[in-house]
Amino acid sequence: MIMTELLAVLALSAALGLRVALPLLVLGLMSGDRLWSQVPILANLPPTLVMGGLLSGALLELILSKPRFSRPLLHSMELLLSPIVGLMAGIALVRPLGIAGWLQGVIALIGGLVALVIQLVQIGWFYRPQRPPFLGTFLVDAHCLLLALSAYTVPQVGGLLSMVLLWQVIRTAE
């Protein structure tokens, strides 16, 4: 049982390593009527404010990731936010299961570290002399959405996709 939740955390954390607001928006929308009640910081805010903020953030991420002049600003913001949001999402996915407190922390820490590693390598891709093609940003967005959706619907596939993405990240970091 814990393996499925770990795979879901890996999938959502990998999505959070690619983009920050879009996976959180998907997390809330897939939660049904609970919305963001399990996410540590977002649970204290009104749902309409959280929905508006995440929707605006997701649109900004999707728009600012395309022009080359706005990518450094976007990447620096995502670099600061991705490990924190990865931790929050890990706690949100594991908290309802009643797992021991220290194990929740370990799983959340793994989620934050996966998001940070993927974000660091993504930044490295855009500072190489031969940058990824423009179509690559659309593929990153699609991959992010696919990982976020699979964290809820089919966590085994999402976990496998995140492991493949992590393997590719490690290979390209050399």
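In the predicted model of the protein, residues 24 or more positions apart account for 76% of the contacts (heavy atoms within 4.5 Å) that have a separation of 6 or more. Residues are numbered from 1 along each chain as its sequence is written, and side-chain values use heavy atoms, with hydrogens and water left out. Because the model is predicted, local features need pLDDT of at least 70 and side-chain atom pairs count only at pLDDT 80 or more, whereas totals for chains, interfaces and linings use all residues.

The secondary structure comes to seven helices and zero strands, where helices (H or I, at least four residues) and strands (E, at least two) are DSSP runs numbered from the N terminus. The radius of gyration, taken over C-alpha atoms, is 15 Å, close to the 16 Å that the globule rule (2.2 Å times the number of residues to the power 0.38) gives for 174 residues, so the protein is as compact as a globular protein of that length.

Of the 174 residues, 45% count as buried, that is, under 20% relative accessible area with a 1.4 Å probe and protein chains only. Leaving aside its neighbours within four places in sequence, I118 is in contact with A14, G17, L18, L165, L166 and V169.

Methods: Buried means under 20% relative accessible area, exposed over 50%, partly exposed in between (1.4 Å probe, protein chains only).
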